[in-house]
Amino acid sequence: MTVATEAIAFLDLTALHKPLRHQLDRLWAETLDTSSFIGGDAVSDFEAQWAQYCGVEHAIGVANGTDAIELTLAALAIGPGDEVLVPANTFVATAEAVVTVGATPVFADVDPQTLLITADLIEAAITPRTRAVLVVHLYGQVPDMEAIARVCERHEVLLLEDSAQAHGALAADGRKAGGLGRAGTFSFYPGKNLGALGDGGAVTTNDAELAASIRILANHGRGDHLLHVVSGRNSRLDNLQARCLSIKLAHLDTWNRRRREVHARYRQHLVGTPVQQLTQVTGTQSVHHLEVIRVANRDAVRSYLDERGIGTGIHYARPCHQHPAFERFAPKHPLPVSEFAAISQLSLPMHPMMSDGQVDSVAAQVLRAVEECDANAAP
Ligand SMILES: *Cc1c(COP(=O)(O)O)cnc(C)c1O
């Protein structure tokens, strides 16, 4: 067994936080000194910064990215009897939020080149009961939103964006993810491109009424004057997370730029080889949340890399409709692209602190793995 001289982590948050350590230490200390944990200016400050960053009027901080979707759907009065179209190739949270509000997730297949939903696939899956399309900017990439918006307008359905993997990603017209539909939802889970020191999330929108409804729902249904106008719930972004996010937001563009460089370097090594990378949607700018490749003998390639200290992930090992939790919503026909992607996709190490040398080393090992695993698989 050959062991790589240096283990290469799939994601290295310790390295990411190292240059910020002093600021984050001070943040912890100040939080303890002031006992200001919930409901301070820190949250409204971050909300204003995040709205500005995304190019929208309103951002509402919530407890996590799943709540952000759920609260958005609930505030739009989407519930029992309504269908929400979602891609089958996504993290289960997208579909989960739809089920939580009592609506029906309808799974659509994805494009074989980008593994994203497209306007045509949406159009084919829309029914008279469709209330909303929940586009997912998966792996950091925005699909052709102009075409998707046209389909949604034509069928009078709401366009929502699950932007949990796309902080700062640009659509072809230069606008940012989160500002391209009626509302965008974000997760600040630590491993996302902008991550907190725990859970966090936000909804972005230009719709003042929707923003107000989400705020009320997320704060126990409280309107003005201590009056609880609806039965809501508790979904808060806390002050510590908000302040951490403000500190880290100052670095997001630099980090995303480095992710693009890392992707480009992988591309130099892998283009023209049996290792398939995803195609970039024309004119858009991905923030490369994940570096997804597709290979034959995926599991063997993954073990080969693991034995050499190279961390990988699988996003995702099953399309949503093939999890027991969502089987009852499975369409009657197969979703071949999503189903095949699940057995062939592999996520390589990708984070802003990766060195060129690390990228070179991962790419070299991947190519070796593919060669050896192919040879071993040959009859
Ligand atoms: C992470 C993620 C979510 C959920 O966010 P949480 O903060 O973990 O609740 C939703 N959708 C997608 C596509 C995600 O990647």
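Me: How many Å is an oxygen atom of the ligand from an N or O atom in the side chain of Thr 66?
Reply: This is a predicted model, where local features need pLDDT of at least 70, side-chain atom pairs count only at pLDDT 80 or more, and totals for chains, interfaces and linings use all residues. Residues are numbered from 1 along each chain as its sequence is written, and side-chain values use heavy atoms, with hydrogens and water left out. The pair is a polar contact (N or O atoms within 3.5 Å). The gap at Thr 66 is 2.5 Å.

Me: What about the polar side-chain atom of Lys 192: how far is an oxygen atom of the ligand from there?
Reply: Ser 187 has a side-chain N or O atom 2.6 Å from a ligand oxygen. For Lys 192, the distance is 2.7 Å.

Me: How much of the area that the ligand exposes alone does the protein bury?
Reply: Areas here come from the Shrake-Rupley method with a 1.4 Å probe. On its own, the ligand exposes 380 Å². The protein's share of the burying is 92%.

Me: Which pocket does the ligand take up?
Reply: A pocket is an open set of points on a 1 Å grid over the protein atoms alone, where a 1.4 Å probe fits, with protein on both sides within 12 Å along at least five of seven lines. A molecule sits in one if more than half of its atoms lie within 2 Å of its grid points. Here, the ligand's space is the largest pocket.

Note on methods. Polar contact = N/O pair within 3.5 Å; in protein donor to acceptor, adjacent residues only side chain to side chain. 1 Å grid on protein atoms, 1.4 Å probe; cavity = no way out; pocket = protein on both sides within 12 Å on 5 of 7 lines; lining within 4 Å.
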